[in-house]
Amino acid sequence: MMEYLGLYNYWVFAVLLMLGLYAVISRTNLIKKLIGMTIFQAAVFLLYISMDKVEGGTAPIIQSHMPGQLYSNPLPQVLILTAIVVGIATLSLGLAIVIRISEAYGSIEEDEIRKMDNA
Amino acid sequence: MVTLFGVFLLTLLVITAVGILRAEHLFVAVMLTGIFSLQMAAMFFILDAADVALTEAAVGAGVATVLLLGALALTNDRERPSGIRPWWPLALIAAATLLVIYATFDQPRLGDPDAPVHQHVAPWYLEETPRLIDVPNVVTAILASFRGYDTLGELFVIFTAGIGVLFLLANPSKGGALSLSQSAESQGLRHHLVPRVVGRLVVPFIVLFGLYVQFHGDYGPGGGFQAGALISAGIILYALVEGESMALKALSFRVLAGMIAGGALLYVGVGIAGILLGGNFLDYSVLSADPVAGQHLGILLVEAAVGLTVTGVLLTIFHSFAARDQKS
Amino acid sequence: MNGLSAHLPAIPVIIPLLASPLVVLLRQRGLAWAAATASSLFCFAVAITLVAAVRESGVQAYAVGSWAAPFGIELIVDQFSALLLLIVTGASSFALLIAPRFGSGVPDDRQYLFYTAWLLALAGLSGIVVSGDAFNIFVFMEISSLATYILIAGGPNRQALAAVFRYLIMGTIGATFYLIGVGYIYMMTGTLNLADMEALIQDVSDLRPVLVAGGFITVGLALKAAVFPLHIWLPNAYAHAPHAVTAFIAACSTKVFLYVLFRFDFLVFQGNLPGHIEQFSAFMMPLAIIAVLFGSAIALAQKDLKFLLAYSSVAQIGYIMLGASLVSVSGLTAGILHMFNHALAKGALFLAVACIGTALGVLSLDKLSGAARRMPWTFAAFVVAGLSLIGIPGTAGFVSKWYLVLAALELGVMGALLIVPVLIGSVMAVIYIWKVVEAAYFGNAGETVVRAEAPWWMVTVLWAAVLLNVWFGLQPGLPLELAREAAALLLEGQ
Amino acid sequence: MEVLLDIISWVLLVSGGAFVFIGGVGALRMPDFYTRMHAASLTDTLGTILVLLGIILQAGFTLSAVKLLAVMVFLLLTAPTAAYALANAARLARLAPERRALDD
């Protein structure tokens, strides 16, 4: 039982990752695509953060009055802090582009935009 | 007990994600995305990642939601109902999911202290940080010093996003957004008494908390990025309550551009100071006679730089979105 | 200055990063251009110095923050990265020199933001090239990608926006795939340093997460590098970007991602993962061949000069991948050399396109008939650069294709068959370049021919780039040696 | 004394939990927007505050208790404001109450 519970995080990672990717591939609405992208990226955060946990550990803030305390791994947390920033940066740039597309084309549905380009 | 919480939250995450996918009203999808981020933040907290949880809550549930709502107001909040969806993406995705799940069986289990991740560099950080840098929060030590170069990159990623939004959305014909008309939107909620009174009451506390998170990052969860997100959230609330123009009077586009560039310059400047004082790029130990004091000074400065740029960029993005013409 | 030489690997990243906020503060267009060009040229000079330093004293390592390798972030400049650094900074400098002012779509008061984005793209690409840390590569990948999106979105038509959105989505998926792959390797080895990974991955090499990591990283980077069939973002993005931007990114951006792909695949995976060489070659070779044939064929059908050259880029990436998929020192040498030579040829061609676009304002072939008589210098340059793209002896393009053929022949009969697509691709290149020449030189120009040559400084920069094509065609020693040493480094670790 | 505090704290926790549950059921089962909101605001105020009080008693006189108290004060301020803004937005959008709810 514990054997598989310990993998549940990674299964959820796989499912969320692919749900996000599916939203990006299958939806034509540009904002929906971007929302799918944020789920996709959030899944990766889960992958990294799941690695950092140590059984019986606490957040890696060293308490000098508790020697011998186990701490969880700080490195994946640092990486994901950076990745979250990258995610919000990409999202805001993507939204700015969508706003410009909406002003230029009058639509945010990908197939309608393609039709207008080919016309 | 914790495992049970984890399993519950993770299942909830999947359900929320499916809900986001199925929602055809984009407003609903955005709200669910905010909830998704909050659940994700709770999950991170359970997994001992307090800093990441704080950031995810401030960014995913806060800033991202505001930006998405702003974009919806400018575009269209309904997804066109779709006809028949092709089956092949679903099949492809299902196959890929199974492949990734198949790979998990060789992975170390959650919390396994013998996993390779906990063997190689991580113990070094945990053991050496008190001696070399002497801040209790190891995450801050790695973020700002050991991997400070990554954080420099992170600062420039958000800098780039700010530049991009300014480039795409700044409205020169209107002279920036400085000459906002006194329309209903720009006046905010001024004629609504309750939000206004409470908003004014809360804003200073939010900014104060932001400053606490900025300068307490060495000892507890927090740091420049979280602080920047919190402070800009406070100012965005002020803009919503008192109106865009009031917020811009306090911090104009010029000032914001100065903050963005100033933060970036400060970070690179600290790095170059390391070179000039005889160390390597981003070597803080040489900033002071005592290496540990130098590290403290360097971390303080670069965290301040990150806070400055992040506040500037987030507010610039918010104002750029808000200054755009509403859809007709 | 002697003290600074120790910091050389970091300088191509620091200088543009320092200059970009300064440009934001300067705001004025002319100053912004001057600052961007000066820093780009300075980085180019540093890149040349680094090439010299690498050839003299071997690999240059630099510990950022003075923290030693697996704990801190290490910058590594070896022969391969020095060559790429040369391509990146060179392409940026040439493209900036030709464009003190950007496309018609960007108003004057926003041009400074454009140069800021340019500097950030330069810093990002240089940062990827010099980094020795897998996660750090991701961070700089995102800087360069976001900045590139901004640059492309500056294109004059609304199609640029649609193209850049698609690029943004696909680019983010590519980068995130890369991040997942790095995560899996980190999970199994506990390190992020590339050299450290190489050593530690042997113990876990037969485990499934590592294999999945290989898949994610290869697919993610192939997406970013526009390897066929993941190239669909490329033609639109190249064609609708401002001309100078196209010259910059077409010359270097996909090559940087190919560089990361080769680094990961050859250094970390191959030799450590059982059977990876065979899988890599069996997977990549057919794709490379199809890319060469498909890209060239589609290019034949194009009526717009920029689309034509963009599809030709898809084919050229195929040549590079073909060389790499031979998994031999000579094959990889040819592939790496072709990175350099294709950057020269395609960069020069897009510089010519920038001249044509600036002077005439049209780029569709039927409107260019007789244009050579209006812009003789520019079209003469176009022809020479086109010859280099085709691979005519005496130009740079010939050298790498020649080495590609030689490397293929080493494989015996199988290899001889590989020559066929290379030749067919070259013949098709002859045809599509000829299409342009035919229109420009033999098309009907109308009764009165008005000289409408591009400004003199543009033509000068263009000819400088073209002459480099000829120079490195006749004197291929330097890039060839760098490529050979880089290939040996990747395959044999020496 | 210890036992007494424990009992009070658990009573608060359980009753808070009950209010949260009732609020949740109400938000699902009520017929229209306004009544649903009414149910949901129960969760925000009474439910969370009782739970917080329960935790404060568990924490005793520590820094954590002060922080929890601050959280409670802010919740008391913001939750009703949010409910007000929501109802106001619904009124501005001319969302009509369900007829059945009016008739009852």
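This is a working chat about the chains of a predicted model and how they touch.

Q: Before we start, what are the ground rules for numbering and confidence here?
A: Residues are numbered from 1 along each chain as its sequence is written, and chains are lettered from A and ligands numbered from 1 in the order in which they are written.

Q: OK, which chains have the most contacts?
A: Among the four pairs of chains that touch, chains A and B have the most contacts, where contact means heavy atoms within 4.5 Å. Chain A gives 77 residues to that contact and chain B gives 90 residues.

Q: And how much area do chain A and chain B bury?
A: Between them they bury about 7600 Å², with 76% of it on carbon and sulfur atoms; buried area here is the accessible area (1.4 Å probe) that two parts lose on being put together, summed over both.

Q: How many salt bridges are there between chain A and chain B?
A: The count is two, taking a salt bridge as a side-chain nitrogen of Lys or Arg within 4 Å of a carboxyl oxygen of Asp or Glu. One salt bridge joins the side chains of Lys53(A) and Asp48(B), at 3.0 Å from N to O.

Q: How many residue pairs are in polar contact there?
A: Across the interface of chain A and chain B there are 19 residue pairs in polar contact, both residues at pLDDT 80 or more. A polar contact is a pair of N or O atoms within 3.5 Å; within protein, one must be able to donate a hydrogen and the other to accept it, and residues adjacent in sequence count only if both atoms are side-chain atoms.

Q: Which elements are on the chain A side?
A: Those giving two or more residues are helix 1 (2-5), helix 2 (8-26), helix 3 (30-52), helix 4 (74-105) and helix 5 (110-118) of chain A, and helix 4 of chain A provides the largest share, 24 residues. Helices (H or I, at least four residues) and strands (E, at least two) are DSSP runs, numbered from the N terminus.

Q: Switching to chain D, what does its fold look like along the sequence?
A: Chain D has four helices and zero strands, in the pattern α-α-α-α. Its C-alpha trace spans about 55 × 25 × 15 Å along the principal axes.

Q: Which chain does chain D touch, and where is the area on that partner?
A: Chain D contacts chain B, with six residues from chain D and seven residues from chain B, and the area buried between them is about 660 Å². On chain B, His192(B), Val194(B) and Val198(B) supply 49% of the area that chain B buries against chain D, more than any other three residues.

Q: How many salt bridges or polar contacts are there between chain B and chain D?
A: There are zero salt bridges and zero residue pairs in polar contact with both at pLDDT 80 or more.

Q: What about chains A and D, how far apart are they?
A: No contact joins chain A and chain D, and their closest C-alpha atoms lie 16 Å apart.

Q: Last one: is Ala385(C) buried or exposed?
A: Ala385(C) is buried, with a relative accessible area of 0%, where buried means under 20% relative accessible area, exposed over 50% and partly exposed in between (1.4 Å probe, protein chains only). Ala385(C) lies in helix 15 (residues 376-390) of chain C and touches Ala345(C), Ala348(C), Leu349(C) and Val466(C), not counting residues up to four places away in sequence.

How values were computed. Predicted model: local features only at pLDDT ≥ 70, side-chain atom pairs only at ≥ 80, totals over all residues. Heavy atoms only, no water.
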